[in-house]
Amino acid sequence: MKEYLTLAEIQRDLREEGLTCVKLVDHYLERIEANKHLNAFVEVYTEEAKKAALAVDAKIANGTAGKLAGLVVGLKDVLSLTGHGLQAGSQILQNYTAPYTGTAVQRLLDEDAIVIGRQNCDEFAMGSSNENSSFGPVLNAINNSKVPGGSSGGSAVAVQAGLCHASLGSDTGGSVRQPAAFCGVIGVKPSYGRVSRYGLIAYASSFDCIGPITKSVADAALILEVMSGADDFDSTVSERPVPAYTQNLEWKGKAKIGYVRDAVENEAIAPEIRRQTSDLLNRLRAEGHEVVGIDMPLLDSLLPTYYILTTAEASSNLSRFDGVRYGYRSPEATDLESMYKKTRTEGFGDEVRRRILLGTFVLSANYYDAYYTKAQRVRRLVREETSRFFEQFDFLISPVTPTTAFTLGEKTEDPLQMYLADIFTVQANVVGNPAVSIPNGLDDQGMPIGIQIMAPYFGEEKMLAFAHYLTELNREGAIAYNQSH
């Protein structure tokens, strides 16, 4: 079966070329089986997906199919689907079954998307390489010795390797965009409050966002359009109407673009990423857009602020996993206190325990003002600085990551180096703005490079249109390069 770039192409063949959802699902199931070594899926819903495909084919035949008919999608193992396993990549939720379906997932199902399985991820979405999962690491399909990025690594690899057409991931500090960049696909982090978090296992509640991973901006726009909007189950969701993203993907006019000089000129950034980013900015200038380098004084404060606040929230959110109500309970426990200690020590992995300890420390009475309160003040300052930036510019463009996909095990012994992989992505989560990662060429080893576009709060409509325009600009540039070589 041919590879499809967009859902529109699939739906055309469903109407005109004899393609069926049953054939699509069978194709993806074969691909998943043939690529089990990538470890992208932790559970495949074989029979359920086949049954759903039959039902959608019947709807297509009688003209009642939803707008996502033909979309075969995978779910990161932090998204709830009734009656299915849900573990967040952790043994602390061993044998746990989701009692309800999350809003974002249900909205896809209501439009006849077919869920094919749940996908491997860093434990409780904590990681930048997908090496923290209790199910083992996910491998990058381009080079199996490389990481796929994290924490939505399984979701990105599934799209990259053609194991499903699209995935839903979660993004707390770059966990959709960073693996999308490492795998050469599209990853969208919407504005905080654009998509309901009901049914998402919480890592850091004021940062977490659900976002799509796709092969095309058009599909990302469609999925975001379907799953966005107000929800009675989540009081943090905005009541703002959801724009018709898919009907406004044609970019018109000239943009005013800012980029942080240090993100393009700093020698700590891989040379090929600096070159590719500079080339893109120069192409944008040549197209008539205004491109301005700026300094962002609080850039150095982003990572400390992010990790102090997210670990504090994680410490609170993960306190519920204690062996009392559900999931794993240590068989070695002798009383209530030992049950708490042994269950959490045995059930959580090293990185999750590290972040819980750090979060508990910054929330403790002696250090609360010195760390947590100060980080909240810095967060406000970053928001104010970002708002001032978007009074002058339409978009902020930067690399997604300082390097391309690194080798498995390369950074596991140095958490600080691992955390630095998020240096360009955390700002969007700290301030709540939308951002998208799109492919921007390859390095000299053939590994994908990503470029990030960040937009004003609730500026998804223009951001997606500009991202669509940029992907076309990059495609034309790649064609010209190949012809000249």
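**A buried annotated site, paired strands and surface salt bridges**

Lys76 is buried, with a relative accessible area of 0%. Buried here means under 20% relative accessible area, exposed means over 50%, and partly exposed lies in between (1.4 Å probe, protein chains only). The model is predicted, so local features need pLDDT of at least 70, side-chain atom pairs count only at pLDDT 80 or more, and totals for chains, interfaces and linings use all residues. Residues are numbered from 1 along each chain as its sequence is written, and side-chain values use heavy atoms, with hydrogens and water left out.

Lys76 lies in strand β2 (residues 72–76). Helices (H or I, at least four residues) and strands (E, at least two) are DSSP runs, numbered from the N terminus. An unreviewed UniProt entry gives the annotation "active site" to Lys76, Ser151 and Ser175. These residues are spread over 100 residues of sequence, yet they cluster in space, with a largest C-alpha distance of 10.9 Å. UniProt positions follow the numbering used here, feature names are shortened, and annotations may be inferred rather than shown by experiment.

Ser151 sits in the loop between β3 (114–119) and α5 (153–160). Ser151 also counts as buried, at 0% relative accessibility. Contacts (heavy atoms within 4.5 Å) were listed without residues up to four places away in sequence. On that basis Lys76 touches Ser151 and Ser175, and its other partners include Gln119, Cys121, Ser155 and Gly169.

Over residues 24–464 the chain is 38% helix and 14% strand. The end C-alpha atoms of this stretch are 27 Å apart.

Strand β5 (residues 186–189) is covered on both faces. Ile186 and Val188 are buried on one side, and Gly187 and Lys189 are buried on the other. Strands count as paired if DSSP finds at least two bridges between them. β5 runs antiparallel to strand β6 (residues 209–214), with 2 bridges joining them. In this pairing Ile186 stands opposite Thr214. β5 also pairs with strand β10 (residues 435–442), again in the antiparallel sense, over 3 bridges. There Lys189 stands opposite Ala435.

Helix α4 (residues 103–110) has Thr103, Ala104, Val105 and Leu108 buried. The buried residues of α4 pack against β2, β4 (166–171), β6 and α7 (217–227). Just after α4, Asp112 takes a positive phi of about 75°.

Charged pairs were examined next. Side chains of opposite charge can pair when their charged atoms come close. A salt bridge is a side-chain nitrogen of Lys or Arg within 4 Å of a carboxyl oxygen of Asp or Glu. The count comes to 18 salt bridges by this rule. One of them joins Arg261 to Asp295, with the closest N and O atoms 3.2 Å apart. Arg261 lies in helix α8 (residues 261–265) and Asp295 in the loop between β8 (290–294) and α10 (302–317), so the pair ties together parts that are 34 residues apart in sequence. Arg261 is partly exposed, with a relative accessible area of 32%. Asp295 counts as exposed, at 60% relative accessibility.

Other salt bridges lie within single helices. Glu337 and Lys341 meet in a salt bridge at 3.0 Å, N to O. The two residues are 4 residues apart in helix α11 (residues 336–347), and therefore separated by about one helical turn. Lys341 is exposed, at 53% relative accessibility. Glu384 and Arg380 form a salt bridge at 3.6 Å, N to O. Both lie in helix α13 (residues 368–392), 4 residues apart, about one turn of the helix. Glu384 is partly exposed at a relative accessible area of 35%, and Arg380 is partly exposed at 45%. Elsewhere, salt bridges that share partners join Lys2, Arg12 and Asp13 into one network.

The surface also carries a nonpolar patch formed by Leu358, Phe361, Tyr367 and Tyr371. Together these residues have about 340 Å² of accessible area. Areas come from the Shrake-Rupley method with a 1.4 Å probe, and for residues only the protein chains shown count as cover. Patches are made of residues with over 30% relative accessible area and no salt bridge; like charges are joined within 9 Å, and nonpolar side chains (Val, Leu, Ile, Met, Phe, Trp, Tyr) within 5 Å. Leu358 lies in helix α12 (residues 350–363). Leu358 counts as partly exposed, at 38% relative accessibility.
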